[in-house]
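Please walk through this structure with me, beginning with a pair of packed helices and then moving on to rings, charges and backbone details.

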Amino acid sequence: MRIATGGVLHETSTYSALHTTLDDFINDRGLFRGQEIMDTFPGANVCIGGFIDGAKRHGFELIPLLWTFAFPSGLIERKTYDDLLAEFLERLKAAEDEGGPVDGVLLDLHGAMVIDGIEDGDGHFIAKVREYLGDDRPILVTPDMHGNHSPLRVEQATAILGYDTYPHIDMNERGQEAADLIVRIINGEVKPVMTLRKIPLFWSTACQVTAHMPMKEVMDYAHEIETRPGILSVTVSTGFPWADIPEVGPSIIVVADNDQALADKTADEFSTWIWERRRRWYKLPFSVTDAIKEGQEIGKYPIILADHADNTGGGTAGDSTEILQTFLDMKLDKALILYIVDPEVVALAHEAGVGGMIETEVGGKSDPIQGPPVKMKAEVKALSQGEFKYDGPMYAGLTGNMGPSAWIQQDGVNVVVVTAREQPFGPAFSKTLGIDCESMNYIAVKSSAHFRASFEPFAGSIFNVEARAIHTHDFAKLNHQRRKQDFYPVEIPYDSAPEI
């Protein structure tokens with residue numbers, strides 16, 4: 001059994017002015033070809049790592065083609081995408097010319113990729129692979145929980161198996177599940193059919209953490225359905241609202257074994273259940289000052305503020321300043337911000353050296369929406385070229401690089417200033433600078449939820465806050481133009497939902 005694999009992963013914000021180029025793919029998570037994939041990802045907590053581990057367990061030949069990942073940002077330049085797709089297909093053809101036909105393809109895709117001129121990037125990629133393979137060979141896809149899924153993907157893929165966790169700590173597991181299923185398909189044991197049901201609502205990030213209610217209730221329901229006879233998989237996608245495209249929004253995908261009526265009925269049941277409980281999935285975030293006050297009243301530290309409107313993991317610039325200015329104005333002690341993207345300040349800090357003083361303006365340089373730059377007179381506490389190793393559940397086994405970076409401090413306020421736009425999945429990089437996150441009283445992270453996998457065990461309290469930035473969670477402000485239908489709770493009023 002010969003199965004090809006690879007993928008192009010990107011979560012695209014159409015609200016971001018940071019266009020995505022080939023250099024971003026190369027310099028962010030990396031661009032890997034052929035044997036490089038097999039050498040880099042065995043055991044790693046990413047889907048491609050699960051494909052490799054699954055191939056070893058089942059004993060099939062996994063043929064690595066091309067795998068690449070760019071940090072979330074704006075539209076992918078068309079030439080970049082066209083070149084990556086063309087190389088993927090050329091490598092697939094070369095593998096067949098050399099070793100004979102492949103029996104199927106395992107695709108690692110994000111599910112929220114938008115290219116300049118192609119609104120459904122993932123659907124387009126799947127369709128092009130299908131066009132090459134023909135109708136008879138299986139294509140399995142393992143998207144992120146934040147995919148904006150489309151009928152095209154369901155038509156062109158054989159099965160779609162999305163992540164079950166947020167923070168995403170099950171990527172390797174989902175890759176192995178896909179490897180298990182493709183073997184069963186090729187052996188003729190099962191014949192997948194799929195149904196997609198879109199759900200017209202905005203799902204608050206604070207209500208998506210799968211280890212906690214109310215999201216745990218959703219995933220428990222999904223896992224119960226997966227135990228039913230004839231059901232192969234259930235994917236819950238909460239969508240990625242910062243993409244102004246027709247197929248934006250949450251969805252349910254049900255994969256059944258050769259029973260379209262069962263897939264349809266089950267998808268209708270689950271999507272209706274979610275819609276009827278729509279109040280549970282929507283929650284307005286705290287203001288910055290209200291969150292600090294609430295945390296102080298609770299009295300457990302550190303108080304962690306999730307600066308979700310400037311989540312670099314969703315494609316923002318990472319240089320919003322409201323929280324930094326608030327920390328300084330409130331004269332907080334043992335306060336830390338992870339991270340502010342500002343290469344100019346990093347360069348000044350490196351020029352001054354450890355122990356030096358810099359007087360500069362931090363952040364607020366990418367877009368007026370991000371807030372004005374903040375004047376600081378700070379001491380340079382530590383410097384780094386950015387290399388580190390992930391030590392938390394997400395991306396375990398991989399290395400990262402924040403680029404040239406610095407830890408600067410003004411009075412009790414500490415800021416890690418970086419070059420790369422990567423969200424703080426955990427304290428790993430901070431440790432390389434000598435920062436003990438557990439000793440802090442206040443920590444602001446430019447992340448929505450992924451930080452929880454590593455920070456939650458020692459957090460005193462956690463609040464998602466609506467600080468000024470481009471990825472607002474006041475969804476009425478997004479001004480979607482391409483959406484196909486009205487969404488709750490913007491056009492469909494909040495009070496229209498019953499309290500269940």
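In this predicted model, helix 10 passes helix 11 in a right-handed crossing. The axes of helix 10, which spans residues 288-298, and helix 11, which spans residues 322-329, come within 10 Å and cross at roughly 50 degrees. Since angles from 65 to 115 degrees count as roughly perpendicular and those under 35 degrees as roughly parallel, the two helices are therefore oblique to each other. The residues that meet here are V288, T289 and I292 on the side of helix 10, and E322, I323, T326 and F327 on the side of helix 11.

In general, most residues other than glycine have a negative phi, and most peptide bonds are trans. Against that background, a cis peptide bond joins Y301 and P302, with omega at about 0 degrees, and P302 is placed in the loop between helix 10 and strand 10, the strand of residues 303-307. K331, in turn, belongs to the loop between helix 11 and strand 11, which covers residues 335-341, and its phi is near 50 degrees, a positive value in a residue other than glycine. With a relative accessible area of 71%, K331 is exposed.

Another positive phi, near 55 degrees, is found at N258, again a residue other than glycine. N258 lies in the loop between strand 9 and helix 9, the helix of residues 260-276, and because exposed means over 50% relative accessible area, N258 with its 51% is counted as exposed.

A contrasting setting is that of S233, which has its place in strand 8, residues 231-237. At 2% relative accessibility, S233 counts as buried, and, when its neighbours within four places in sequence are left aside, S233 is in contact with I160, L161, E177, E226, I253, V254 and V255.

W242 lies in the loop between strand 8 and strand 9 (251-257), whereas F475 lies in the segment after strand 19 (461-465), so the pair ties together parts that are 233 residues apart in sequence. Both W242 and F475 are buried.

Y488 and Y494 form a stacked pair, with centres 6.2 Å apart and an angle of 20 degrees between the planes. Y488 is buried, with a relative accessible area of 0%, while Y494, at 34% relative accessibility, counts as partly exposed. Elsewhere, ring pairs link Y339, F388, Y390, Y395, F425 and F429 into a cluster.

Notes. Residues are numbered from 1 along each chain as its sequence is written. This is a predicted model: local features need pLDDT of at least 70, side-chain atom pairs count only at pLDDT 80 or more; totals for chains, interfaces and linings use all residues. Side-chain values use heavy atoms; hydrogens and water are left out. Helices (H or I, at least four residues) and strands (E, at least two) are DSSP runs, numbered from the N terminus. Buried means under 20% relative accessible area, exposed over 50%, partly exposed in between (1.4 Å probe, protein chains only). Contact means heavy atoms within 4.5 Å. Rings of Phe, Tyr and Trp (its six-membered ring) pair if their centres lie within 6.5 Å; planes under 30 degrees apart count as stacked, over 60 as edge-to-face and the rest as tilted. Axes are lines fitted to C-alpha atoms, for helices over the stretch in contact, and angles run from 0 to 180 degrees between N-to-C directions. Angles under 35 degrees count as roughly parallel, over 145 as roughly antiparallel, 65 to 115 as roughly perpendicular and the rest as oblique. A crossing is left-handed if the near helix is turned anticlockwise from the far one by less than a right angle, and right-handed if clockwise.
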